[in-house]
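Thanks for coming. I have one structure to go through today, so let me put it on the screen.

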Amino acid sequence: METTYNTFSDADLAALREICGEDRVIPREKMGEDYSHDELSGIQKFPDVLVRAVSAEEVSQVLKYASSRDLPVTPRGAGTGLVGGAVALCGGIMLDLSRMNRFLELDEENMTLTLEPGVLLMDIAKYVEPAGFFYPPDPGEKTATIGGNISTNAGGMRAVKYGVTRDYVRGLEAVLPSGEIVELGGKVVKNSSGYSLKDLLIGSEGTLGIITRATLRLLPLPKYKISLLVPFPDLACAIRTVPQLIRASAVPTAVEFMEREVILAAEEFLARKFPDNSADAYLLLTYDGASEAEVELAWHAAAELCLGAGALDVFISNTLERNESIWAARGAFLEAIKASTSEMDECDVVVPRKRVADFVLFSHALQKKHGIRLRSFGHAGDGNLHIYILRDDLDETAWRTKLGKVFDDLYAKAAELGGKVSGEHGIGFAKRPYLARTSGEAEKRLMAGIKRAFDPRNILNPGKLIP
Amino acid sequence: MNITVCIKQVPGTSQVEIDPGTGVLKRDGVASKMNPFDLYALETALRLKQRYGGEITVISMGPPQAQAVIREAFMMGADRGFLLSDRRFGGADVLATSYTLSQGVRAAGAFDLVICGKQTTDGDTAQVGPELAETLGIPHVTNVCAVRGADENALTVTQDMPLHRLTAKIKLPCLITVEKGIFEPRLPSYKLMRATAEREIKILTLDDLADKDPGHYGLNGSPTQVKRIFPPEKSDGQERWNGPEPESSERLFRFLADHKFLQKLG
């Protein structure tokens, strides 16, 4: 769907300032460089104007104006995306929602939290946990906004036991391109009332509407938690243990795999030693529960299972300090890999759980086949893998060529194994060709039709997602 | 090199609350753990053992449930464990505690080196280590941030002080207290947990010690009496400075330097 947009003019600037005031409408020459890119996608483009909205009413008026003038609008949260979702490909208006960051209501009886989209993920935990509540989705990037998390249906480490962002969104308030404000879903637990428009908005990456308020479902905070760091002689042995762990009676909260070389990179990056780096591959398991006895039963069984499957030992992390020593490194993997090379790109495929080992071993073999360095770590328990392709000292042409070939191989293999293009980072700009390649004609037609129904003038986040 | 490591069980959270009314630490219902600094002491011992051989003995003082931290030390690789546990040891101040420990360390057998954590996270005095060395009549270095080397007769260590670092060679037997971060402590091993599940923890009471005079232990042996414990006054006050550059940055610099948030490197 190619659209021609109007060129942004001084009159547009004045009109937007009429809506939001002078201070919060920033012309291109005065905005920071940050607003021209996200954290990875390798694309840079400045919007013509940055608008920092503070209410649904303002968002509504901005969208109404943009529609009337055919100006593209790119919503942005914290800009921590990895696929170019928040880059203003067509220029126009960047709608910064990070100032809409208020907690509106913690409803203890309905166990819901209502908040604005700019609240940071890390602040949600700080807000609800002292009251004994738990928001389970746990994407690695804690400085992301909840609006961004909902827009990409972010997953995270606890997906094995608790599911993903979608499973915790009860209701949304969103502004349509027409400026109409809609309430989708609500505090209800069940809902069979027509198409689930709320679910269409989740994961729509700002292409259908702008989320201005969300009601999240909370759980009681599990009181006990333990992590196990399990060294294995090699990666294949580690990953083959995962399906057995998931099948066990107590479901782990998280199952991450990590390799020695990534751990070493994190040690160097943080200038801090990991508690163990003697083995080639590790699984990191977490168990949580309401009682100490329940958690103990679960982890003892898991420890026995791992040893039976060939683990070298099982290390126990049961205090704040110990958890911190592990998770500090785990949290730094992405940055550490990034720091070890000149440039990188990523692949966030998801495959059925029992194919994880096949896929990881396949991706390893690509290093030799294409003569390029790959690093991976990720959520072995839910089949979602993060594979990073590193440029190192390749020149631009060689890098682009090799990257294309590696991606072709990875996405083809994922499709062959019954996988999908993105597990949690989204499609954005960077993964569109791969979504197009792996979607059927009917599926593409439906997606285009949905887009038209919400956004007939194609002003919302153009150039993203739709295959 | 035979090493004795002193360890203590402390509340599991770093935010121990003090009842403002009674001035008593609120320990009820709080899970406990090994004093975090002692993990570094034990790790230092384990590294030295890896390099120079020998045996690691851990010793703790406390109620019977403090055996949990000795079990944990076994899971990290300690060889033997002793717990000084006797009602007559109760209510000890730092002097009586270090004296009791010195008796226990002697009762536990010969040693070349004693390692303690720099301080505990509940008492926070950092005095028990040095006082233990005095009572044992051996030299000591506190705040050790690195072990440079060792031979049969001596240990070379670096001490980390607020404004300088000092490297010293210290004759064995001796005592060191170690800083956080000297080595990253290893995690307890499930395999070792299984292997040491039946290992004996020797309980030492007053009757097992060389000095059996009850006047030297517990409340009776404590010249210090705690009159009151109270949380420090909290200041949530904010200051707002508005002023032109560079005066305001100069002011901020002086403020941070005066409050020791800044110090000269090197």
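Predicted model: local features only at pLDDT ≥ 70, side-chain atom pairs only at ≥ 80, totals over all residues.

Start with strand β4 of chain B, residues 56-61. The strand is mostly covered, with 6 of its 6 residues buried. In a regular strand, side chains alternate between the two faces of the sheet. Here, B:Ile56, B:Val58 and B:Ser60 point one way, while B:Thr57, B:Ile59 and B:Met61 point the other way, and all are buried.

Which strands does β4(B) pair with? One is strand β1 of chain B, residues 3-6, which runs parallel to β4(B) and is joined to it by 4 bridges. Another is strand β5 of chain B, residues 80-84, also parallel, with 5 bridges to β4(B).

Now the cores. The largest nonpolar core has 136 residues, and those touching the most other members are A:Val51, A:Leu95, A:Leu228, A:Val230, A:Tyr282, A:Leu283 and A:Leu285. Helix α10 of chain A, residues 320-339, supplies the largest share of this core, 7 residues. A second, separate core has 59 residues, including B:Cys6, B:Val69, B:Leu101 and B:Leu175.

Setting aside neighbours within four places in sequence, its contacts include A:Val51, A:Ala53, A:Val59, A:Val62 and A:Ile210. Among the others are A:Thr74, A:Pro75 and A:Arg76.

Next, the sheet in chain A. It is open and antiparallel, with 5 strands in the order β5-β6-β10-β8-β9. Why do β5 and β9 of chain A each have one side without a neighbour in the sheet? They stand at the edges, each with a single partner strand, so one side of each is left without a neighbour. Neighbouring strands of the sheet are turned by 15 degrees against each other on average, direction ignored. Within it, β6(A), residues 112-115, and β10(A), residues 210-217, pair over 4 bridges in the antiparallel sense. One of the pairs there is A:Thr114 with A:Thr215.

Last, the contact between chains. How many residues are involved on each side? It is 11 from chain B and 15 from chain A. The chain B side divides into 4 nonpolar, 3 polar and 4 charged residues.

Methods: Residues numbered from 1 in each chain as written. Chains lettered and ligands numbered in written order. Contact = placed C-beta atoms within 7 Å. Nonpolar A, V, L, I, M, F, W, Y, C, P; charged D, E, K, R; others polar. Buried ≥ 20, exposed ≤ 12 C-beta atoms within 10 Å, placed from the backbone. Helix = DSSP H or I, 4+ residues; strand = E, 2+ residues; numbered from the N terminus. Pairing = 2+ DSSP bridges. Core = buried A, V, L, I, M, F, W, Y, C linked by C-beta atoms within 7 Å. Axes fitted to C-alpha atoms, helices over the stretch in contact; angles between N-to-C directions.
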